[in-house]
There are 2 protein chains.
Amino acid sequence: MDKSVDVAVVGAGIAGLVAARDLMRAGLEVMVLEARDRVGGRVLNAELPGGSPIEVGGQWVGPTQHEVMALIGELGLRTYPTHTAGRHIAELGRSRSEYTGRIPRVNPLTLLDIAQTQFRLDRLARKVARSEPWEYELAESLDAQTFDTWLRDHAHTTDGRAFFRLITEAVFSTGPEDMSALWANFYIGAAGGLDALINVVDGAQQDRVVGGTQTIALAMARELGDRIVLDSPATEIDWDDSGVRVRAAGLTVRARRAVIAVPPPLAARIRFGPGLPGDRDQLVQRMPMGRVIKVNVAYDEPFWRAEGWSGQANSDRRALGTVFDNTPFGGDPGVLVGFLEGRHADTSARLSPPERRALVLEDLAGYFGPRARKPIAYVEKDWAEEEYSRGCYGAFTTPGTLTRFGPALRCPIGPLHWAGTETATAWPGYIDGAVESGHRVAEEINSDRTTAVNSR
Amino acid sequence: MDKSVDVAVVGAGIAGLVAARDLMRAGLEVMVLEARDRVGGRVLNAELPGGSPIEVGGQWVGPTQHEVMALIGELGLRTYPTHTAGRHIAELGRSRSEYTGRIPRVNPLTLLDIAQTQFRLDRLARKVARSEPWEYELAESLDAQTFDTWLRDHAHTTDGRAFFRLITEAVFSTGPEDMSALWANFYIGAAGGLDALINVVDGAQQDRVVGGTQTIALAMARELGDRIVLDSPATEIDWDDSGVRVRAAGLTVRARRAVIAVPPPLAARIRFGPGLPGDRDQLVQRMPMGRVIKVNVAYDEPFWRAEGWSGQANSDRRALGTVFDNTPFGGDPGVLVGFLEGRHADTSARLSPPERRALVLEDLAGYFGPRARKPIAYVEKDWAEEEYSRGCYGAFTTPGTLTRFGPALRCPIGPLHWAGTETATAWPGYIDGAVESGHRVAEEINSDRTTAVNSR
């Protein structure tokens, strides 16, 4: 089957859908080619016993995520606050602390170390994110080291270092040793600081979307209607200055422009003819995905609340290092969500499903007592196994990559435009960054069109 | 077209050809699917004015590279020594030194710094390479940092550090900041030490192959005959315990086993059905290729020899950081070969061809005087632009990768076996490593077959 449109969009995740919707509204004919049998990409709902939706992918939004908040408003969706009342649990070193507010009760020396390191990190991150990160004056030196090396040079206590490892795994779903220190600083700065990334109230975990976050994608998909073609993985894109020809399963789409809205390592797996310039190809060889197995565990009621716990728990000694109350809107059933991140994802992915379930329930029982061992449902998602994600939450850059190939991240090549949360300047790796990137590529295409019309 | 064989080999580089030849000799039916219109992979001849062959890819062999030396003997090919008589040139810091033997004349403090750092590096590298590198007792700590961080902690003079950067670029075609310190140490140890990597006499650059190194591939290809199918890039491999179905252009090959003998980032671009386990996929997301533009410049005669120079030159202040006399067997014409490596490859790839040629000739004139500006031929190859290599000399691992995913490098998955120089235990990244890996996969397949027969 052959189709001809103005713009072909590869990928019906949030970035691709936003781009397609903007372009459609600007009067262009678009077609969105999606590899899977569904829209949403790394944002996906599942169903709990009783029928409530639960997110197995990206789920939270926060008050400084202006792009996604605007989109949610525009689509007529509603948000509700993440449950946070009660005592949080923090296990660090040999101690367990139960606390309310934002600061765990840990030894004052550790606290000072954490506070000083965070101060330095936030100050540096702000500077890095103020411009293109590869143009920051100390970019070369930061990009020559891993974030682990940077943390070792700045945090001096064992527990302080353990805290930042835990935070890194929770935010990046990979260890500090995997990433460039420049990328880590850029990412933190582009979110407005470490607190914005890790906090619930005023932070990236503050709010949830009624009906589950995939409703954002589903609402846009409804507007786009049959402009979206499912089960059509784009495998080949031929291009020249006049346009593109995209092959996706049995379909061939000709268009003046293409938007590639898939994660960088998957963009590397599309065959381009002619092949892309070395800079772009080397970039996508060097932006691997983080790795996380997300587990939602449902109980007949949110029993932890009755015992005074918020459901929020962190530990540097458990595979399930980060846990939140994830009870859906309406309060039924009670749900705890936990994350197996980075190296914990590696080791638990090698277990059999019953072994992994036992590991997760043991960790939850360690936090919240034996009732955690009796769930009514257990829903897990290993994103590294998903052929069309191959990891979550997002891609990161390895050392040396941003300073060598950073500009290739967003720079269009002929008729090819690059979207996806990894290309965002604010909140990369988040739904918000995906929305920003979708608007940006639509704007790139529209402004070129305006220029072309005006110059006739 | 449908074919059915015992083993399908993907890639007719040295590794794939060695594997196919071993399997054919063991009585199995093989078919080699090659994406390009030629065999050899990263080993390729071009032709000089007058018809002499010249290598634009991998070219040298050394006395401790036992696998490739044995193969050369077996194929009836001959080697000849790299020209090395005369004064070498070393530019480091502000000084230029002309020297014979192995040690440039540099300031004694720099020399001491280099000697001490090399001593520590060789001692560590030996330990790392003695086992699987991810099992070395300090593996985690080495893999958590870049090689640049390691060098900064061990080399203390500006020129000493510049020396190791130059060496790293020459050996790995990438900067020390791009790589895991564990990978760098493994690679150095697996070659038998830094001297073995950088020396001409007794080292990896000692000998050349009469007729050009691609003759190794061409000789094996002659034996394999029509078992090799060119212009057939494998794009999809369906597999289960009983075998594989490989699709390559119009061809479908069914086989009991497949050997994947392409570089890791290109193996990532083949679609496997079912998709490969997360560990393997994450590994190939995190093994990017080095980058080099190799330039052979021919002159009517090797004029530098008459002036007492060997043709060997290194500089930390020129884009063309490493140069050798590359005059072909027979001595006509005179050829200098230079390498634009790592970041030098990035910046020079962005120049126009005439600008890049001017840059190279200026650097050669800087080393060898104005006669270098008048070549009779200029032959360059940018391996990052090659769709079916996407970089050279080889892939490396980014920090955190070997300790997390190292075992996935060689471990077969059902009927899928992994070859290629990056999977070698000795001389990875060299032709020798490719030969080792080819023999290993053939042995994996043969020994399984023997077991199967015996257990009937």
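**Exercise 1. Determine which backbone atom the side chain of Glu34(A) reaches, and describe the surroundings of Glu34(A).**

Step 1. The side chain of Glu34(A) reaches the backbone nitrogen of Ala12(A) at 2.7 Å. A polar contact is a pair of N or O atoms within 3.5 Å; within protein, one must be able to donate a hydrogen and the other to accept it, and residues adjacent in sequence count only if both atoms are side-chain atoms.

This is a predicted model, in which local features need pLDDT of at least 70, side-chain atom pairs count only at pLDDT 80 or more, and totals for chains, interfaces and linings use all residues. Residues are numbered from 1 along each chain, chains are lettered from A, and side-chain values use heavy atoms, without hydrogens and water.

Step 2. Glu34(A) lies in the loop between strand S2 (30-33) and strand S3 (45-47) of chain A; strands (E, at least two residues) and helices (H or I, at least four) are DSSP runs, numbered from the N terminus.

Step 3. Glu34(A) counts as buried because its relative accessibility is 5%; buried means under 20% relative accessible area, exposed over 50%, partly exposed in between (1.4 Å probe, protein chains only).

**Exercise 2. State where Ala35(A) is found and whether Ala35(A) is buried or exposed.**

Step 1. The loop between S2 and S3 of chain A also holds Ala35(A).

Step 2. With 18% relative accessibility, Ala35(A) counts as buried.

Step 3. Beyond neighbours within four places in sequence, Ala35(A) is in contact (heavy atoms within 4.5 Å) with Asp231(A), Ser232(A), Pro233(A) and Tyr388(A).
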